[in-house]
Amino acid sequence: MSTSAGSNDSRLANGLERRTAMRLILEQRGDLLLVTGLGSTTYDAAAVTDDDRNFYLWGAMGAAAMIGLGLAIARPDRRVLVVTGDGEMLMGLGALATVAVQCPPNLAIAVFDNGHYGETGMQPSHTDLGVSLAGVAHSCGIARTYDIADEAGLAAFRGDLHQASETLFARVAIRADEPPRVLPSRDGVYLKTRFRRAIGAE
Amino acid sequence: MVGSATAPLSAPPDWRDQVFAALKAAAIRQVGYVPDAGQARLIELCRADPAICAVPLTSEEEGIGLAAGAWLGGQRAALLMQSSGVGNCINMLSLLKSGRFPLTMLVTMRGEWAEFNPWQVPMGTKTRAALELMDVLVYRVERAEEAAETVAAALDMTFNGGPPTAVLLSQRLIGAKVWVK
């Protein structure tokens, strides 16, 4: 645990490369539905593949987990994965309590945690300053939490999220680097409509 | 706090039951809420209905995300809150605007009629303005007999492609909160 305002150097050096992590988590995707949070996780998903079943957030910071919850409740026949960043999750921490109470079996939340606000100049986030998101999720009542720091751990989580019988939460340690941005559409109506069409809701 | 406003499920229908019927008629399947005494019976009815997923929220803006997710999956959602909660929703309402997501909010008013707690007044007197600032279409109910039809009209408006809607249930309708029991 970091106790100063400085960066956690071991995480910066040893975390997963974020594009690799997104590619691994989406491998053998099947009919998985994906929601990504404002910022880098949206670019990561678009870099892997701009799938119609991706819903990217370009705003509404803190809402990614709740959108995943509403979607998972609406579509119990489909697996739903939320991938968001530590800053986005921190802004909506209460959602972890709300999700835990519902605990839909088809929902998984993965937080790509680089300990920094990558969009705004890499300021340290609370996770870099000692807050454990996996600990918060577990304390909220999400029994199956993962603290992932390598590709093997991520592969295990990916396998589990396709067959879990309760909500999963994973904190994924990510290196604090910024790969070239891959910008998908920013048109919310287009993204919504193509998603709904892709899953037969339109 | 909940007890005095809660009638047994077998009680004769009142406006709260009729509002619930309007939610059912509009095929609302997810209801996010932050508890308010004025909506206690409505929350109870939602929680008791197996076709509705009632989702208690830690803060009102969570309900905006819930509603967007529900709509992405093909379900309709509503959001129940007290007027103070509207202030918590302001930035999150941009999600509804940017994606043109439908949502009807039922807002019980505080700080406007025989209010015991002056801390409710600043947000209560700006609730309508705050919603309209974000282009939510606002209806207001003063009398019990108007409640269900107003809620039905708001639901129609938003789920037929219109803007997000809010129905303000006035504090006079709800009844002033009794503080000293």
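Two residues are taken to be in contact if their C-beta atoms, placed from the backbone, lie within 7 Å. The structure is a predicted model. On this criterion, among contacts in chain B between residues at least 6 apart in sequence, 76% join residues at least 24 apart. Chain B contains 9 helices and 6 strands, and 48% of its 181 residues count as buried.

The contact between the chains draws on 26 residues from chain A and 27 residues from chain B. On the side of chain A that touches chain B, the elements giving two or more residues are α4 (64-74), α6 (94-102) and α9 (188-198) of chain A. Of these, α4(A) provides the largest share, with 8 residues. By class, this side of chain A comprises 15 nonpolar, 8 polar and 3 charged residues. Helix α4(A) is itself mostly covered, with 11 of its 11 residues buried. The buried residues of α4(A) include Met66(A), Ile67(A), Leu69(A), Leu71(A) and Ile73(A), and also Gly68(A) and Gly70(A).

In chain A, 6 strands form an open sheet with parallel pairing, in the order β2-β1-β3-β4-β8-β7. Strands β2 (54-56) and β7 (144-148) of chain A stand at the edges; each has a single partner strand, so one side of each is left without a neighbour in the sheet. Direction ignored, neighbouring strands of this sheet are turned against each other by 15 degrees on average. Within the sheet, strand β1 (residues 33-36) of chain A pairs with strand β3 (residues 80-85) of chain A in the parallel sense, over 4 bridges. Leu34(A) has Leu81(A) as its bridge partner in β3(A). Helix α7 (residues 133-140) of chain A packs on the sheet and touches β4 (107-113), β7 and β8 (168-173) of chain A. The direction of this helix makes about 175 degrees with that of β7(A).

A further position examined in chain A is Gly118(A), found in the loop between β5 (116-117) and β6 (123-124) of chain A. Gly118(A) counts as buried because it has 23 C-beta neighbours inside 10 Å, the cut-off for a buried residue being 20 or more. Leaving aside neighbours within four places in sequence, Gly118(A) is in contact with Gly39(A), Ser40(A) and Glu178(A). Gln28(A) and Gly118(A), 90 residues apart in sequence, are 28 Å apart in space, C-alpha to C-alpha.

Note on methods
Residues numbered from 1 in each chain as written. Chains lettered and ligands numbered in written order. Predicted model: local features only at pLDDT ≥ 70, side-chain atom pairs only at ≥ 80, totals over all residues. Buried ≥ 20, exposed ≤ 12 C-beta atoms within 10 Å, placed from the backbone. Nonpolar A, V, L, I, M, F, W, Y, C, P; charged D, E, K, R; others polar. Pairing = 2+ DSSP bridges. Axes fitted to C-alpha atoms, helices over the stretch in contact; angles between N-to-C directions.
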